[in-house]
Each structure stands twice: as structure tokens, then as C-alpha cells.
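Hi,

Here is the structure I promised to pass on.

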Amino acid sequence: MPSAREIECSMNIVFVALTLLSLVFMTFAAPTAALPSMISGVTDAVVLALKLTAIYAVWLSVLKMAEATGLDRKLSRALRPVIRRIFKGESERSYDHISVNLASNMLGMGGATTPAAIEAMASMCREEGKATDNMLMLLVINATSIQIIPATVIALRAAAGSANAASVFLPTLIATSCATGIGMILAKVCASASAQKEKRGK
Amino acid sequence: MTAYLLPVILVGAMVYALVKKVNVYDCFLDGARDSLTLVRNIFPYIAVIFIAIELFRASGLAAIVSGWLSHPMKYLGIPPEIAELVLLVPLSGNGAIALLEDIINTYGVDSYIARCAATIAGASETIFYVSAVYFTKCKVKTLRYAIPVSLFSSFCGMVTACALCRVM
């Protein structure tokens, strides 16, 4: 399984491959453009960072309000019966963490999502080093994204002067539900297939 | 109809906050304060990926690679212009946002290509990051089928996203 270190390593490979290949290519094709295009890349990044600061300033404020009114807790309580059905045979404490994780993920509260997921995984872990099917199910649901309002994307579109920035809301919601649905079905299929294989092995 | 979505959510949240006697002004101050910290944390990632993207574009390599990918992508209804985004999304969320901004600036925010890109960026998650970080407390050695299943399903989501942008 990839550790955080390996992720950085793989980004390192991607980054080095991209820049080195491009630079070698440019040495022959357009040697004078190499440095200016790197600098103009960072200039774009600065502009984007300013835009993102504005976007997050507004959206994080809305999320703070939702948090202060207990909206996230309400959603996680509403999700409880569904979660109980998907993740069978886990402890109440696990259900707590899973519902906080999924509710905050749906609302786009990035801050609460990851810690809750880490706690949920730890509480579902029965045997050191072995991932149970329920753990992998939680991972697949999170990895296919279940955000209801893609706030950053909509705000970026609004900042770029879109005629209707929120028009991507429905396609995004349908696409992400499709991905999560397919993921959950495949995870179930794989889980039962590996269970059967184990049975036959014994 | 979706034009009303955001204002309605904002009005709803604020009225609800008033009913619950939450200090709205303080919430906004907190949000604005946190946004600076957040952007300060993600700026290095954006800056570095933009260097790579800009070089990749300027060298002409991007055109060559999208040329290779254009046929299989077109077959699935994904515009070849966003091939880079499809490849980057599972690796880096901040990188994907940076690339989305780039695509919006290049092709125009309401073009089919930019709407596809926005839908893909909004509907996907950094799979490798999630699978690395979630298991930091319980040390799991093998993820068995989790990564292929996640990658395949989110790719299905992307194909769906492009198909939906054609009609919606």
C-alpha cells in the first residue's frame, strides 16, 4: 500500500519526468523560452492563489456557520441508518467516526474529513496490517468523492466570469454518484469473491 | 434553475444561523482568517505544478501527448484537451485545481471543454492521497482491490461527466 512518503515520491517522479522531458525538448526547439515560461507558470500560480484566498474566505465562512449551527451533526445523524447497513458488524464508535467522515466529506468540510476517516479506519482495524472489507469500502467511498456542492470549482468559474457558474452542479452530482455507486458495487463484488477464494483455500 | 442554488443556500444558512443565535460576523471573520492559512499551505503545490504544466505546454510536448491520447479519449467522449487533467486528478488535488484554472483561461469558462474539466475536477478525489493518509494510524500493508476499484469507478464518473456536459 502506498504510504504518504511514497505518494510524494510518485509526485516527484511525475514532476521530474514532466519538467526534464520538456526542458530537454525546449533546449532544441526554443532555448530562450525555458526560463520565462517557468516564471510565467509561477505568476499564474500567484494569481490563482489570490483567487483561491477569496474563494475560501467566503466558503469557509459559510461552512463555519453550518458548523456552529450543528448542521454537520444533523447530517451525520441522518446518515446513521444507511451507514449501519453498508458497514455491517462494526462498533458504535466506528459508526460515529464513519458518519462524521462521510457527512463532512459531503458538505466539503475538508478539515473534519481526514481525522474522522483515520479514526474510523483505526477503530475498524482488527488485525495489525490487514485491511478488512469494510475498511476498503470506506476508502472506496471516499476515493470516489461524494461532495454535494463543488464549491471551489463553482467559485473558480464565477471568478472567471461564467454566465452560470453553478450550471456544473447537477452534472457533477450525477457523475460523482455514478462513480461512488460503481465503486461500492465493485468493492462488494471483490469482497465476496475474495471471501469465496479464502473459503476454497481452507 | 441552478442559478438560484448558491444564493438560496447562503440565505438558508444565514437565516438558520440567526434562528440558532450563532454569531454570523464571527463566523465570517474565522473563515477569512482560515482562508489565508489554507492558501499559504497549498501555494507551494500550486506553484510547482504550474511550473511543470507551463513547461510541458511551452515545449510542445503537451500537444504531442494529447495527440496520442486523443483517439482513445474521443472514443469515450472525453475531449483530448483535458487528457492531462484526467491523469493528474488522482495524484494531486491542488494540481487539478491549478490545471482547471489553466483550462478555463485557455478555452473560455463556458466552453464545452472547460465545463467538462470543471465537472471532472468537482467530481473526483485524489485517490492516492486518500489511500495513503487514511491508514496512518493503523498500519495496513496491502490494500488488495481498493486502488484499482477506485481508479476504475472514478474514471467511469469522468466519462459520465463528459457525456452529461454535452446535454446539460
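Before the first number, a definition: the radius of gyration here is taken over C-alpha atoms, and the globule rule is 2.2 Å times the number of residues to the power 0.38. Chain A has a radius of gyration of 22 Å, whereas a compact globule of 202 residues would have one near 17 Å. Along the principal axes, its C-alpha atoms fill a box of roughly 65 × 50 × 30 Å.

Some housekeeping. This is a predicted model, where local features need pLDDT of at least 70 and side-chain atom pairs count only at pLDDT 80 or more, while totals for chains, interfaces and linings use all residues. Residues are numbered from 1 along each chain as its sequence is written, and chains are lettered from A and ligands numbered from 1 in the order in which they are written.

On confidence, the model scores ipTM 0.83 and pTM 0.83. Chain B has a mean pLDDT (the predictor's confidence in each residue, from 0 to 100) of 86, with 99% of its residues at 70 or more. Within chain B, helix α7 (residues 127–133) has the lowest confidence, a mean of 79, and α6(B) the highest, at 93.

Chain A has 8 helices and 0 strands (DSSP runs numbered from the N terminus: H or I of at least four residues for helices, E of at least two for strands). Of its 202 residues, 42% count as buried. Buried means 20 or more other C-beta atoms within 10 Å of the residue's own, exposed means 12 or fewer, and partly exposed is in between, with C-beta atoms placed from the backbone.

Now the interface. Contact means C-beta atoms, placed from the backbone, within 7 Å. The two chains touch through 84 residues from chain A and 87 residues from chain B. On the chain A side, α2(A) gives the most, with 20 residues. That side divides into 55 nonpolar, 24 polar and 5 charged residues (nonpolar is Ala, Val, Leu, Ile, Met, Phe, Trp, Tyr, Cys and Pro; charged is Asp, Glu, Lys and Arg; the others, Gly among them, are polar).

One residue to look at in helix α2 of chain A is L60(A). L60(A) has 25 other C-beta atoms within 10 Å, so it is buried. Leaving aside neighbours within four places in sequence, L60(A) is in contact with G31(B), D34(B) and S35(B).

Which helix of chain B is largely enclosed by the rest of the structure? That is α6(B), residues 112–122, because 9 of its 11 residues are buried. Its buried residues pack against α7 (151–159) and α8 (169–201) of chain A, along with α4 (83–88), α5 (93–107) and α8 (146–167) of chain B.

Last, two backbone angles to check. Most residues other than glycine have a negative phi. K21(B), however, has a positive phi near 60 degrees, and R144(B) has one near 45 degrees. K21(B) is in the loop between α1 and α2 of chain B and counts as exposed, with 8 C-beta neighbours inside 10 Å. R144(B) is in the loop between α7 and α8 of chain B and is partly exposed, with 17.

Cheers
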